[in-house]
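Biologist: I have this one open for the first time. Can you walk me through it?

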Amino acid sequence: MKMLIGGEWIDKKDTIEVKNPYDGSVVDTVPSGKAEDVAAAIEAAEKGYRINRDLPVNQRIRILSRAAGIIEKNAEEFARTIATEGSKTIREARKEVARAVQTMLISAEEARRIVGETIPFDSMPGSENRVGYYFRFPIGIIAAITPFNDPLNLVAHKVGPAIAGGNAVVVKPATVTPLSALKLGEALMEAGLPPYVLNIVTGHGSKIGDALVTDPRIRMVSFTGGVEAGKEIMKKIGLKKVGMELGSNTPVIVCADCDLEKAVENSVSGAFWAAGQNCIGVQRIYIERSIYAEFEKRFVARTRKIKVGPQLEEDTDMGPMITEGEAKRIEKWVADAVKKGARILTGGTRTGSVYDPTVLTDVPPGCTIDVEEVFAPTVNLYPFETLDEAIAKANAVNYGLHAGIFTQDIGKAFKMIKELDVGGVIVNDSSDYRIDMMPFGGVKQSGLGREGIKFALQEMTEPRVVCFNL
Ligand code: NAP
């Protein structure tokens, strides 16, 4: 596919191969963008900003709604793209497409609700003759940098509200999964988005990232990705608005009074969805001692039923990791934990980029797999004695995106809701439950700011005050 700059689909001599992570076959190629392409995209976006700022809201609504319709009409093609360039199975990919349709529709709906309010200027003695109001104004050009694991919907989460708010965007999708973002660009162009408003530059973050994030014409960097890249970008961007949606090391707490079957089923799904490459995927499960043995038995049995295979086969439950390198990384992390005393209850084996669903116990505190983000199909089980202990352990990491809790006791639920240091608590479901209109984001190193269309729109627009001196 080609990249999108100023309404033109641009090819380059230098290309990057997009490979199916399961077997390494080449799915397509994309241009290997350079700093000069980023400069051209930002120049185009300057025009795009003025065009979209002046576009009546009713037209932005129409374009975003039409784009949602185009994605829905071509849902299977979008799903196949997600499931061949990335790790997701075709069934997981279909769910992502359905969510991306929602994300575009919600963006259209929220465009209608970008409102200000009147200001009681006469509340200030001496200002009796003044009237006025504020309205929300687009911020300008937004750089949207996105990760590989939700290659369509996480792009939609930036592009949708940016367009709704009257901005222009330069997207840099993950190098391993750029095709879904480009297809979203095609849908928006077909929907009638004026040229220049959306620009998509493909290429390696290490080569073109600086040109994008340091350019003073960029008013906001909206980044979703790993903590290391996030920190690197924060060091460089200077005086710009920033949205940081980073990683996590997600805890789930299972109390003895819970619905055990539901806790097992939902936590298995949360741990191995997208081969564990999910920012709110279940990584650490704290289980009350009295039900620990039973939970462990059922959890391991359920995990063993997961069918691993090629993403496009209908009965595949879990696909590969995004690269063989990533699968080797987790193999090393597990080996390190085992050396320090952890026990593998199931899995722990790798074939190429496939790492089998893996359950660990007796993981010593402080080892990498306990404290860092695994972003892999592995999960740790730990027994706990008291709720205070479980909460303290759940909080004892540098991340805080979501937590899942399972209990029928409302008192315990409210205690955990209050005391867990996270951006969202999911009660009686896995931590990885999310819908696209809710505020989404984390505390500590999991990020800054919130996405979820209404909340992203607040970040992507600014209040402008108008005061009449009568
Ligand atoms: P990543 O390696 O941090 O890359 C994310 C994006 O940043 C890619 O487009 C990458 O480009 C680009 N990038 C890397 N270094 C850059 C730099 N110095 N300047 C500008 N751009 C740069 O993350 P990933 O492996 O794709 O995704 C996994 C991570 O994303 C996990 O940590 C996960 O938790 C996080 N995530 C968070 C959320 C959330 O909402 N909180 C959602 C999904 C994923 P290249 O691809 O060219 O390297």
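Modeller: One definition before the helices: axes are lines fitted to C-alpha atoms, for helices over the stretch in contact, and angles run from 0 to 180 degrees between N-to-C directions. Also, keep in mind that this is a predicted model.

Biologist: Fine. How do the axes of α3 and α6 cross?

Modeller: Helix α3 covers residues 75–85 and helix α6 covers residues 179–190; their axes come within 9 Å and cross at roughly 160°. Angles over 145 degrees count as roughly antiparallel, so α3 is roughly antiparallel to α6.

Biologist: Which residues of α3 and α6 make the contact?

Modeller: From α3 they are Glu77, Phe78, Thr81, Ile82 and Glu85. On the α6 side they are Leu179, Ser180, Lys183, Leu184 and Ala187.

Biologist: And by class?

Modeller: That contact has five nonpolar, two polar and three charged residues.

Biologist: Switching to sheets. What is the order of the open sheet of seven strands?

Modeller: The order is β14-β17-β18-β13-β12-β20-β21, and the pairing is mixed. The edges are held by β14 (343–346) and β21 (424–427); each has a single partner strand, so one side of each is left without a neighbour in the sheet. On average, neighbouring strands here are turned by 25° against each other, direction ignored.

Biologist: How does β14 pair with β17?

Modeller: In the antiparallel sense, over three bridges, with β17 spanning residues 358–361. Thr346 has Val359 of β17 as its bridge partner.

Biologist: Which helix packs on that sheet?

Modeller: Helix α14, residues 410–419. α14 touches β12 (250–254), β13 (282–288), β20 (402–406) and β21, and its direction makes about 160° with that of β21.

Biologist: What about the open sheet of three strands?

Modeller: Its order is β5-β6-β24, with antiparallel pairing. β5 (117–118) and β24 (461–469) are the edge strands with a single partner each, so one side of each has no neighbour in the sheet.

Biologist: How many bridges join β5 to β6?

Modeller: Two, and β6 takes in residues 130–138. Thr118 stands opposite Tyr133 in β6. Helix α15 (residues 453–460) packs on this sheet, where α15 touches β6 and β24; the direction of α15 makes about 60° with that of β24.

Biologist: How do the lining residues divide by class?

Modeller: The lining of the second largest pocket has seven charged, four nonpolar and three polar residues.

Definitions and conventions. Residues numbered from 1 in each chain as written. Predicted model: local features only at pLDDT ≥ 70, side-chain atom pairs only at ≥ 80, totals over all residues. Heavy atoms only, no water. Pairing = 2+ DSSP bridges. Helix = DSSP H or I, 4+ residues; strand = E, 2+ residues; numbered from the N terminus. Contact = heavy atoms within 4.5 Å. Nonpolar A, V, L, I, M, F, W, Y, C, P; charged D, E, K, R; others polar. Parallel < 35°, antiparallel > 145°, perpendicular 65-115°, else oblique.
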